[in-house]
Structures are given as structure tokens and as C-alpha cells.
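Work through the exercises below with the sequence and the model open. Try each task before reading its solution.

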Amino acid sequence: MEVLTRNEMDNRFKWDLTRLFASDEAWEQEYTAIGELSAAFAQRAGTLNVKERILEAFNAYFDMMRRFETLYAYAMMRQNEDTSVSLYQAMNDRAMSLGSRVMASAAFLVPELLALPEGTLEGFGADPDFSDYSRFIEDILRTKAHTLSKEEEQILAMAGEALSTSDQASEMLRSLDLQLGTVRNESGERVQLTDAGFILFLESSNRTVRRTAFRKMMDGYAAMGNTFAALYAGQVKADIFASRVRHYESSRAASMYADEVPESVYDSLITAVHEGIDTLNAYLELRRKKIGVPRLHMYDLYYGNEQGFEIHPDIEESFDLFLKAVAPLGEDYVRDASRALQERWIDVYENRGKRSGAYSCGSAYGTTPYVLLNHKNNYDGLSTLCHEMGHAMHSFYSNSSQPYPKADYSIFVAEVASTTNEILLNEYLRREYRDDRAAQAALVGNLLEHFRTTVFRQTLFAEFELRAHRLAESGESLTMEQLSQMYLETVKTYYGKVCTVDDCVASEWMRIPHFYSPFYVYKYATSFCAAISLARNILSGDPEKVARYRAFLRSGSSLPPIEELRNAGVDLSTPEPVTEALDYFAELVYEYQNLLN
Ligand SMILES: [Zn+2]
């Protein structure tokens, strides 16, 4: 199965980025214009002493940021289409360095606002003329203790680009330079092993195929292990640098402060999930019996989920199923979402050089959201579509309901809408196939897998990155041996009771791009728990509950994330949502056992 080039792909299934810029030339003009805006903005330094000028500066700042975000989104998405095209590689690099210039030109803004006479900023926060900027102002006041002098902020802004090298280099290594070789598939053909295609091997009913692909993948990464360790150590050092220079107690404290989430949420997540490890292993034992192996290995975990529920929807069929699954959210939601395929918001299929994985980009305010997929015609592909469309519709509603400064929802709530959609899909299919025992088993099995990969796996990652950061914070250096050993131990804690954790698993951390967004993954786990609760609310059919959820989708970043979720109907400042979600997991394991018998 040869991977097609970008040009060979059907245009209908490529996203239409001309809504951002009609051409690369138009992008170039905007690039120049934003450069000029940023030079002009820098001239405002030292002038912020009366309300009118301050208001003008806010208008100019957010206008510049909005335009820059669209510029950057275009370059990034073009580059992601085919990472080997040097033109877009260069545009992306230039956009990033323009971003550093933009940030540097605005570095005076916050320190100068903080230097205003006591109470002035608080006054603006309550002034209707500044209503679009009230959250921005609240944020400045909140982070006052962690904001440095004007000169220091300028230096930090200039260092931003250099400090993101680890992230970029690891992405290059994973998507371009890493040679994973070929693996024989079930029919004995040699097939190129890629990150995007890896899952297909792991779903193979032929255990040799699964084992060989898994080993080859892990060994491929291990061969670059010292480089990956140096890159990750660089990331961790950058995180620690950023936290220390701003007087946070730790890199995690800095990350979570930015999210407006108390650190106790992270610790209680790990504690609560550890209490569910026995249930996880009870589930793994059912899986072991189901696939009929004497010992379960990590490479067996993705096999056997869809037996009895083989669906192969192409993108159009998948899209129809998605629309049916989200029907409980309301007719207008379905109508709005149905635009995505028609208007080509989505880049559907894998092509040579395309970025792996999937994401939604809602940062081009005033246009439409965009979704990158590497769609496979199976349940997983369908589920990913629902997930990314959840993000996209959250952006769509927030962008159309909030002014730009309040539109971009916080990372802490970012995974809620996506996960809620995935659960709605699962529940929809379970209703559709209610008389089909095999399908029920497969769907409950899928939800259990979703639990495993989101709550357990992401909490495992969260634990790993916390340990790595703590180790580095205590002055130890992060070597490949140390990181891999630590990873292996953590995997054994979670899976070791039922699963044989082979030594090669130690390299798996190198594959995880999210480690370059520190303390991000715990949010998948907390979001999943919130989504379980919200999806049950939505399916209860209570219009009041649905309305609360829909209001959440429109809320952008207009409130602190914990409050937005509380208004939507779930309180993550308490451990309850996690504990309740794990109780639900235990119920599902019980149901699964009955269905398998
Ligand atoms: Zn997501």
C-alpha cells in the first residue's frame, strides 16, 4: 500500500485554506503588514498613562495578535500538509520568528500596565469600555507576582524561539528523519512502518505481525534514544528555566497556574487512578481471555476490540454517523457541524510527508475551524473524527459568540467537548445495535479501551513527566537510561499485574509528542471524567442540562475554566468526577464480563 503524494489526493478531501489567504502572495503581504504593525506597536512604549491611549493600545494589540494567529495558522497548516516542502517549512519558520518579534514588541505592555497607579487596572477591569478585555486584565492582575520588569520580559520574549527548538527538532526527527523500516503484514507483503500506520499492525489478528511491528517501532526509536533524551531534557530544562525565572515553586506550579487550576487536581487524579489499577487489571484479564493468549503483552492491547463490530465507514459515511451521534445536542448543532465536510474544513487522508495524528485548529478567528486527520475507514477513524469535530465546534461556537480576546478556550477545558462527542458516538452506536450482543461487547470494549487509553494511559504519562521534571529540578541530569528506566517502571505499576511488560516498552516515551507541551496530558484524563458526566447529562434528555452544555461551548475563555465547567454541570475542584468515572469504569468491566460469557 503505497502512500500517495499530496498532489495525487482528491481535492474534495483536502482542507480549503483559501479562507485564510487566497494565495501565498496574500500571506506575504500580510506578513509584511504585521511586521509593520509590530514596529508601530513598540512605539507605544512609555505612552500608556491615560485611559484613551490604553484603550487604543489594547485594540491595537489584540488586532495584531488576531492577525498574527491567522498568519501563523496558515503557515503551520500548509507545512503540516507535507513537511518536506521547503517553501512552507520556511514560511512556518518565518511566522515563528515574526511571532517572537510581535511578542517582543508588546513585551512592555504588561509591565507598563502594572506600573500604573494602584487601583487603575482594577478600575478598567470593571469599566464597560474595557469589557472585551476584562479577562485579560484579570489575568494580568492574577499573574502580577510572576511578571518581571520590562527589560526582563523583553529578554524572555526574544528567547522564546530558541527555547522551542527541542519541540521542533523532535517533531522533525519523528516525522521525517526517523527510519522505521518495513514490516511484513498478514499477507506477507513488506509494508513501510509509519507512526500513522502503526495502529493497523497492532490491530492485526496475527500475533507475529503485532509483535514484530511493535518491536521494530520501539527499536527504531531506541536507536535514536540518546538524541530523544537530549531533546526531552532540553524541553524539561526550558520548562524549569521559565518557571524559576518567574518565581514559581516548580515547573508544574507554573503550568497549572497558567491554567487557573490548583495543583491538588493533578495529585488527586494520580491518587484516584492508582485506586483503579486493580480494576484496570481485571479488565486486562478479560482481554487476555478474550484474545486467547496465555500471557498478555503490551503489543496485544490494541487487538480484538472490534471483533463482531467490523465497520468500515469511509469519510462521508463516518461524517453521517457523527451527525447522528451528536443529534442530542440540538438541530442547530447538527446543521452547523454539517458544514465542515461541504466547506472543506477537514484534511482527511494521509499523504506522503503529512504530519501524523490529528488535531483541530480554531485559532483563525473570523474564519472557520480546521481539522487535520489521517483518516482510516474503521471505528477508530470515526471516533477520531467525532473527537476533532468536538474541538472544532467548540471553537466555532466560542469564536462566533465571544469577542476575540475571550474566544480562545483554555487548555484545561479543551478536551471536554471532543471527548463528550466520542462518548455520544459510543452511546449512539450502542442504541443502534442494542439487539446485537457481539456489537454490544465490541462497543463496551471500545469504551473500556477509551478509558484505558485516556484515563489510565494519560495519567501514566502525567506521572512520568512529573517524575522527569522533579528529577531535573533536584539537579539530576536526564539520560536515556534514566528516562527509559523510569518509564518502564511506571508502565509496570499500571499494567504489570496481568501484562508482561517487555523491556523494549522502555522507549515508548520517545514517541509521545505531548511531552513537549509540559503538564498537558493530565487534562485528557480530567476532561474525560468531566465528559463522562456531561454526556450522561446530555443523554438524560433534560433540555436544561443540554442548554447548560451548549452555553459552555459558547463560553470561550470568558470565565475561569473550573467555573465554566461548574456552570456546565461538573465540579472538578472536587475528586468526585474522577471517582465517579472510575465507578462507571468498574460497571462497564462487569457488563463486559457478562457480554463475553
Ligand atoms: Zn483532542
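A polar contact is a pair of N or O atoms within 3.5 Å; within protein, one must be able to donate a hydrogen and the other to accept it, and residues adjacent in sequence count only if both atoms are side-chain atoms. Helices (H or I, at least four residues) and strands (E, at least two) are DSSP runs, numbered from the N terminus.

This is a predicted model, in which local features need pLDDT of at least 70, side-chain atom pairs count only at pLDDT 80 or more, and totals for chains, interfaces and linings use all residues. Residues are numbered from 1 along each chain as its sequence is written, and side-chain values use heavy atoms, with hydrogens and water left out.

**Exercise 1. Describe helix H18: its start, its span and its cover.**

Step 1. At the start of H18, look for Asn378: one of its side-chain oxygens comes within 3.2 Å of the backbone nitrogen of Asp380.

Step 2. The expected span of a helix is 1.5 Å times one less than its number of residues. H18 has 23 residues, and the distance from its first C-alpha to its last is 33 Å, close to the expected 33 Å.

Step 3. Buried means under 20% relative accessible area, exposed over 50%, and partly exposed in between (1.4 Å probe, protein chains only). Of the 23 residues in H18, 19 are buried, so the helix is mostly covered.

**Exercise 2. Which atoms coordinate the zinc ion, and how are they arranged?**

Step 1. Donors are N, O and S atoms within 2.8 Å of the metal (3.2 Å for Na, K and Ca); water is not among the atoms, so sites may look incomplete.

Step 2. Along the chain, the donors have the spacing H-x3-H-x23-E. His387 and His391 are 4 residues apart in helix H18 (residues 379-401), which means that about one helical turn separates them. Both histidines, His387 and His391, are buried.

Step 3. Four donors count as tetrahedral if all angles lie between 85 and 135 degrees; four count as square planar and six as octahedral if opposite donors are over 155 degrees apart and all others between 65 and 115; anything else is irregular. The angles among the 4 donor atoms of the zinc ion are 52 to 139°, and the site is irregular.

**Exercise 3. Where does Arg184 lie, and what does Arg184 touch?**

Step 1. Arg184 is part of strand S1 (residues 182-184). With 46% relative accessibility, Arg184 is partly exposed.

Step 2. Contact means heavy atoms within 4.5 Å. Not counting residues up to four places away in sequence, Arg184 touches Glu189, Arg190 and Val209. The side chain of Arg184 also reaches the backbone oxygen of Gly188, at 2.8 Å.
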